[in-house]
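Me: I'd like to go through this one and ask what stands behind each label. Can you put it up first?

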Amino acid sequence: MKSNERIVLDALGIGRALSRVAHEIIERNKGLADLTLVGIRTGGVHLAHRLAGKLKEIEGAVLPVGALDITLYRDDLSKKSEQPAVRRTEIGFDITDKKVILVDDVLFTGRTIRAAMDELIDFGRPREIQLAVLIDRGHRELPIRANYVGKSLPTAPEEKVEVLLKEEGEEDRVIIENAIKD
Amino acid sequence: MPLKTKDLISIKDLDRDELRLILDTAESFKEVGTREIKKVPTLRGKTVVNLFFEPSTRTRTSFELAAKRLSADLVNISASGSSAAKGETLLDTARNIEAMQADLIIVRHPCAGAPLLLARKMTSAVINAGDGAHEHPTQALLDLFTIRERKKTFEGLTVVIVGDILHSRVARSDIHALRMVGATVRVVGPPTMIPREITDWGAEVFYRFDEALKGADVIIILRLQLERQGRSLYPTFREYSNLYGLTPRRLALAKDDAMVMHPGPINRGVEISPDVADGLSSVILSQTTNGVAVRMAVLYLLSVGARADEAGPGSDEK
C-alpha cells in the first residue's frame, strides 16, 4: 500500500482557525467567566494551551487548562485491538459548576468525546460541557456535535486525517492521507 | 506495546522494556487513586478471582482494591473456607473457577510452582501473588516503583536487602528486578539465611549489617518470619535483633538520603526499630499506596487488548 498525502491546513491556517474559535468562545459565553479548558491527549492538550493563549491576548484573562487521557474509558478495550498506552489525566482544578470546553484535534466517530465526557463527569459536575475541535471530518457514530469547529473537512471513511503540531516536533499542518491500493 | 506473557509468575517473565512499561502505566493509575471517584470503567465485565491458600491481608486487599477501581468483579476464595479443605486438588479448584468464566486468577500458595502449574493448564491469565519461597513479582514491581518515585533512576543505586533471604520470595523477585534495571544489590543476614546460589543472581553477600550499609541508597528489610522460629536459623530473637535490626545508629551509616522499605507486616523492635519505621527515611506506607497502582497496571496490561503475537490492526485511526 502506498499513500499520498496533501496539506489541507498550514501553520497560518491553523492559527487563523484557532483565533476565530477563540472569538466564538468569547461571544457564545459573553466573556470568560467560569470557563475552563480541558484538552484530550495528545493533540487536544496542545490546542487547549494555544486557545488559552489566544483568549488571554483578546480578553486578558488566564483560563485553567487540564489534560484528559481517555484510554481507561474507551469502548473498544475488550475488542481485538492493539493495547493502548495509558497516559496521565491531569485536571488540577475543580470543574464542578464550571463551564468546561473540551478540546480535541479531530472529531470523527464521536467515540472519543463520549469517553471524555464520561471521564469528566467522574471528576465533578460541570455546569456545561462544550466541544471545540480543529477539524470536523464527519462520519459520526454517536449523536455528538461540536460547538466550535476550526475547519469542516469532507472525507471518505478510509482516509486518514492527521494534525501535526510543533509541540510534537513537527511543522504545524493538517494532512489528509489517501490510501491507494497497488 | 503489550506484554508478551499471558501470565505473571516470575519477574523473569518480563524483559527490561516490559518492566518499564508496567512502572510507567502504574504512574497513570496512581493518579486515579487521588480522584474523588477512585474508579474507572476499564475492566467492566471482567471477572477476577483472588485464590489465596495462605493468609494475607495486604496483598489480597491490594489486589481487591486494584480490581475494583478498574470496575472488574472480584471474588475472594481462601483456603480455609474452600473445597481445598474437603480434599479437592488445586487443579480441580482452578478448573471450576475457570468454568465460571474467570478472566484473571490471582494465586497465593505455600508451594513454589503452584501458580506456574495453573498458568500452564488454564486459558485465564494467572498472577502469582506469592508462591512458597519462590517469587512475589508484584511486590518487586511496587518496590521498584517506590524507588523510582524517590530516586528517579536506578543507575548507580546500591540496594541492601537484609534478613531471611533463604525463605524470602520477596528477596528473589526484588533481586531479579533490581539487577534487570541495573542497580547494585547487596544481601545481608545470618549465614543460615543466605542461600548458596545467591551469587549466581548477581548479588553481593555480606554477613555484617554495618558493612553492608556503607554507601547504601535503599534498604529493604525483610520480615523476620516468626512462624519459622524453632528451625535453628538463629539462636534468639534478641540476638537477631541486635545483629540485623535497623536502628537509627545503623541507618546513619547509609547515605544521608537513604530510603527504608519493608514489604510488611513489620515486627516493631525486631527487624526495624520504631524510630526508623516512623522516621523520615521510611517509605513503608508509600509502598502500600503504590501497591494498588502497580497491581492496577498489571491487571490492565494482562487483560486488555491482544497480545503481541495476535494483535490485529489498530482501531483508533483518525
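This is a predicted model: local features need pLDDT of at least 70, side-chain atom pairs count only at pLDDT 80 or more; totals for chains, interfaces and linings use all residues.

Me: Which residues of helix H3 of chain B are called buried?

Reply: In H3(B), residues 90–99, they are B:Leu90, B:Leu91, B:Thr93, B:Ala94, B:Ile97 and B:Glu98.

Me: How do you know that they sit on the same side of H3(B)?

Reply: By the arc they cover around the axis: it's only 160°, which puts them on the same side of the helix. As for what covers them, that includes strand E1 (47–52), strand E2 (73–78), strand E3 (104–109) and helix H4 (114–121) of chain B. Just after H3(B), B:Gln101 takes a positive phi of about 60°.

Me: On to charges. What makes B:Lys30 and B:Glu149 a salt bridge?

Reply: The cut-off is a side-chain nitrogen of Lys or Arg within 4 Å of a carboxyl oxygen of Asp or Glu. Here the N to O distance is 2.7 Å, so the pair counts as a salt bridge. B:Lys30 lies in helix H1 (residues 16–32) and B:Glu149 in helix H5 (residues 137–151) of chain B, so the pair ties together parts that are 119 residues apart in sequence.

Me: Why is B:Lys30 called partly exposed?

Reply: Partly exposed runs between the buried cut-off, under 20%, and the exposed one, over 50%. B:Lys30 has a relative accessible area of 24%, so partly exposed is the label.

Me: What about B:Asp217 and B:Lys255: how far apart are the closest N and O atoms?

Reply: They are 3.0 Å apart, and the two residues form a salt bridge. The pair links distant parts of the chain, 38 residues apart: B:Asp217 is in the loop between helix H7 (209–213) and strand E8 (218–221), and B:Lys255 is in the loop between helix H9 (248–251) and strand E9 (259–261) of chain B.

Me: Is B:Asp217 buried or exposed?

Reply: Buried: its relative accessibility is 5%, and the label needs a value under 20%. B:Lys255, with a relative accessible area of 38%, is partly exposed.

Me: How many salt bridges does the structure hold over all chains?

Reply: There are 33. Salt bridges that share partners also join A:Arg50, A:Lys166, A:Glu167 and A:Asp172 into one network.

Me: What makes a set of residues a nonpolar core?

Reply: The members are buried nonpolar residues joined through side-chain atoms within 4.5 Å. The largest core has 90 residues, and those with the most contacts inside it include B:Phe29, B:Val187 and A:Leu102. Helix H11 (residues 284–303) of chain B gives the most to this core, ten residues. A second, separate core of 31 residues includes A:Ala22, A:Ile26, A:Ala52 and A:Tyr148.

Me: What does B:Val187 touch?

Reply: Leaving out residues up to four places away in sequence, its contacts include B:Ile161, B:Ile194, B:Ala203 and B:Phe206.

Notes:
Residues are numbered from 1 along each chain as its sequence is written. Chains are lettered from A and ligands numbered from 1 in the order in which they are written. Side-chain values use heavy atoms; hydrogens and water are left out. Buried means under 20% relative accessible area, exposed over 50%, partly exposed in between (1.4 Å probe, protein chains only). Helices (H or I, at least four residues) and strands (E, at least two) are DSSP runs, numbered from the N terminus. The arc is that of the directions from the helix axis to the C-beta atoms. Contact means heavy atoms within 4.5 Å.
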